Amino acid sequence: MENILEVRNLKMYYCGRRETVRAVDDVSFSVRAGETFGIVGESGCGKSTVCRTLVQMQPAPGKILGGQVIYRGKDLTSLSEKEVRAYRGTEIGMIFQNPMTSLNPVMKIRDQIFESLKGRGLTKKEMLDQAVSLLRLVDIPDPEKRVSEYVHQFSGGMRQRAMIAITLAARPKLLIADEPTTALDVTIQNQIISLIARLKKELGMSVIVITHDLGVVNEMCSRVAVMYAGRIVETAATRELFDSPAHPYTKGLIASLPRGDGSGDSLKPIPGAPPSLAGEFPGCAFADRCPHATDRCRTERPELRPAGPEHFAACHLTGGNA
Amino acid sequence: MDALLHIEDLTVAFDLKYRITDALARRERKKLIAVDEVDLDLMPGDTLGLVGESGCGKTSLARAIMGLYRPSEGRIVLGGTDRTKLSGSEFRRSCGDIQMVFQDPYSSLNPRMTVRQMLKEELVKHRMCGKSEIPGRIRDILEMVGLSEEHADRYPSSFSGGQRQRICIARALALNPKIIVADEPVSALDVSIQAQILNLFVELQKKLNLTILFISHDLQVVRYISSHVAVMYLGRIMEYGEAEEIFRHPRHPYTRILLEAAPRMDVPVNPDEVREIIHGELPSPMNLPTGCRFHPRCPCATELCAKEEPLFDRSASHRCACHYPIMEDPDDGQR
């Protein structure tokens with residue numbers, strides 16, 4: 001399958017006056033056409049920042065210091081602000097965790113959808129028809145009436161649906177969903193997950209899902225990358241990752257979640273807390289919390305190396321010399 | 001065994017805004033019933049997990065137990081006394097018996113007080129020990145939650161989320177409570193930190209023989225920590241029983257849907273398959289459905305469900321408020 005997106009050695013640092021924060025540190029991954037790719041990690045690991053950096057939406061002191069973002073053969077990092085705007089929203093759409101803060105509270109849903117439809121030479125009537133059919137597409141009941149309502153009149157799940165509708169209005173080919181279900185209840189979460197799966201099929205999109213929830217990864221993604229301290233530490237097909245995790249951090253994450261078998265076995269938390277990204281790590285960022293760390297881990301940075309079929313882990317202890 | 005905490009017919013209702021136009025139009029005053037005739041028993045040394053969607057009344061129930069909301073009806077009996085009937089000073093004297101740990105460790109700690117000041121305030125106010133014993137007691141409490149004395153003179157801002165939640169737990173333990181009410185104590189934490197706090201709860205419970213009411217929306221977390229589970233929907237308890245029994249043989253269709261809807265990582269799923277389990281959203285608690293509250297979303301609802309509210313057999317060990325409880329689970333053992 002061809003890759004719709006290829007990220008190569010992307011580096012984005014926040015260059016402050018006093019310190020440099022390595023938010024995205026040499027990250028490489030690829031997304032195939034039509035697949036759902038997951039990026040999973042704890043808060044502050046840089047997973048959202050990577051996706052913002054793809055379309056140069058990193059906040060102020062952030063600078064792309066190297067690497068390439070190749071979207072359908074074009075390197076987005078080489079484009080100017082004006083040129084990259086043609087990709088934001090229209091080619092690469094984004095939905096965010098909290099729909100209440102990313103939707104405009106004083107604009108009707110209709111007008112927010114119109115904004116994405118502008119510039120296509122549609123008449124007002126056609127735009128309204130489009131807006132209604134978009135709301136119908138995301139299963140909002142009574143779309144003719146709902147289209148003229150405001151965000152506060154929608155429930156949490158419906159807001160997320162409305163946001164998906166607005167994003168889809170521009171017909172993106174790649175949808176980035178940043179924690180799309182985190183603020184929602186399990187029943188609504190299940191509805192949004194199946195909605196995204198259905199839309200992906202119907203519209204032939206590729207999807208990147210950013211989440212901290214390994215359960216969501218399992219339900220949505222065919223392949224996944226695990227991030228820690230601004231770096232990708234492991235990438236594999238979803239089942240492969242859960243069945244045979246190679247990196248100690250991934251193993252730790254899986255062991256610290258309650259298993260659904262009711263065995264009551266004690267959870268094994270990862271000791272300590274993630275490091276501050278302002279520091280410099282010559283070695284592996286996880287070395288301080290890793291039970292198997294050696295001197296080499298603290299001094300030499302591990303590269304992603306094969307740990308199985310289409311399975312890579314950035315750990316000195318995987319591969320041949322484990 | 002007698003219950004340590006006995007809750008009977010507990011109802012928490014809030015008056016809704018009544019505008020002058022409503023009065024002129026002679027509209028009735030409306031109430032939002034957040035908790036509706038709930039019966040629950042907490043056995044000593046037990047952990048009761050309370051699960052449900054947001055807005056189902058879990059937190060209102062917890063706050064009513066704490067005495068933060070005045071219940072409109074019902075009794076909350078702890079050690080023979082009904083806490084809803086206590087006077088102000090009696091209540092203050094007994095409030096050390098039940099302590100609470102809140103969801104957000106960032107907003108529930110005073111940013112201008114050091115850990116020592118916080119703990120000392122409680123110990124002094126509630127006359128827990130003599131002045132000379134305070135430093136020793138603070139050291140003991142901190143040790144219990146996995147912190148050391150060097151942390152005592154720091155402000156909350158210098159702690160991580162997990163450490164803050166430990167401080168919240170330390171604060172709750174300072175008064176030697178009989179019961180801890182933990183309202184989503186791990187929801188704001190990262191996975192690797194969440195496990196540390198869950199293990200701390202388990203360890204403390206064993207050591208101090210605590211009784212815990214553990215509120216969470218995360219079913220796997222509840223399964224891990226609880227001995228009993230109550231499932232709440234729109235202010236009512238829909239199912240109650242031993243944790244493993246509920247997870248292995250859920251009888252109420254709602255419980256079953258909750259279990260199936262939760263994303264899990266231990267079962268292979270085809271991500272391209274559309275797997276929608278439940279339609280519709282939680283109805284507004286101001287406008288409750290007739291009959292069984294779950295019937296508009298229930299896959300097995302009949303006319304009877306729309307008309308008649310199913311009763312709860314209060315004596316059974318596994319109770320379920322449904323006209324058509326699921327008696328056999330075909331895929332038993334998989335869950």
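In chain B, strand β4 (residues 73-78) runs antiparallel to β5(B), and 2 bridges join them. Strands here are DSSP runs (E, at least two residues) and helices are too (H or I, at least four), numbered from the N terminus; two strands pair if DSSP finds at least two bridges between them. This is a predicted model, so local features need pLDDT of at least 70 and side-chain atom pairs count only at pLDDT 80 or more, while totals for chains, interfaces and linings use all residues. Residues are numbered from 1 along each chain as its sequence is written, chains are lettered from A and ligands numbered from 1 in the order in which they are written, and side-chain values use heavy atoms, with hydrogens and water left out.

Q: Which strands stand at the edges of the open sheet of 4 strands in chain B?
A: The order in this sheet is β2-β1-β4-β5, with antiparallel pairing. Each edge strand has a single partner, so one side of each is left without a neighbour in the sheet. Those strands are β2 (31-42) and β5 (81-82) of chain B.

Q: And what about the open sheet of 7 strands in chain B: which strands stand at the edges?
A: Here the pairing is mixed, and the order is β6-β7-β8-β3-β9-β10-β11. Again, a single partner strand each means that one side is left without a neighbour in the sheet, and the strands concerned are β6 (98-101) and β11 (319-320) of chain B.

Q: Which residue in β10(B) is the bridge partner of B:M232?
A: β9 (residues 228-233) and β10 (residues 236-242) of chain B pair in the antiparallel sense over 6 bridges. For B:M232, the partner in β10(B) is B:I237.

Q: How many residues lie between β1(A) and β2(A) in their hairpin?
A: Over in chain A, β1 (residues 3-15) and β2 (residues 20-32) pair in the antiparallel sense over 8 bridges. A:Y14 stands opposite A:V21 in β2(A). The number of residues between the two strands of the hairpin is 4.

Q: How much area do chain A and chain B bury between them?
A: Contact (heavy atoms within 4.5 Å) links 47 residues of chain A with 40 residues of chain B. Buried area is the accessible area (1.4 Å probe) lost by two parts on being put together, summed over both. With 54% of it on carbon and sulfur atoms, the total is about 3800 Å².

Q: Which element gives the largest share of the side of chain A that touches chain B?
A: The elements giving two or more residues to this side are α7 (156-169), α8 (186-203), α9 (214-220), α10 (238-243) and α11 (248-255) of chain A. With 11 residues, the largest share comes from α8(A).

Q: Is A:T187 buried or exposed?
A: A:T187 sits in helix α8 of chain A and touches several residues of chain B, including B:I257 and B:L258. The cut-offs are under 20% relative accessible area for buried, over 50% for exposed and partly exposed in between (1.4 Å probe, protein chains only). At a relative accessible area of 0%, A:T187 is buried.

Conventions
Lists of a residue's contacts leave out its neighbours within four places in sequence.
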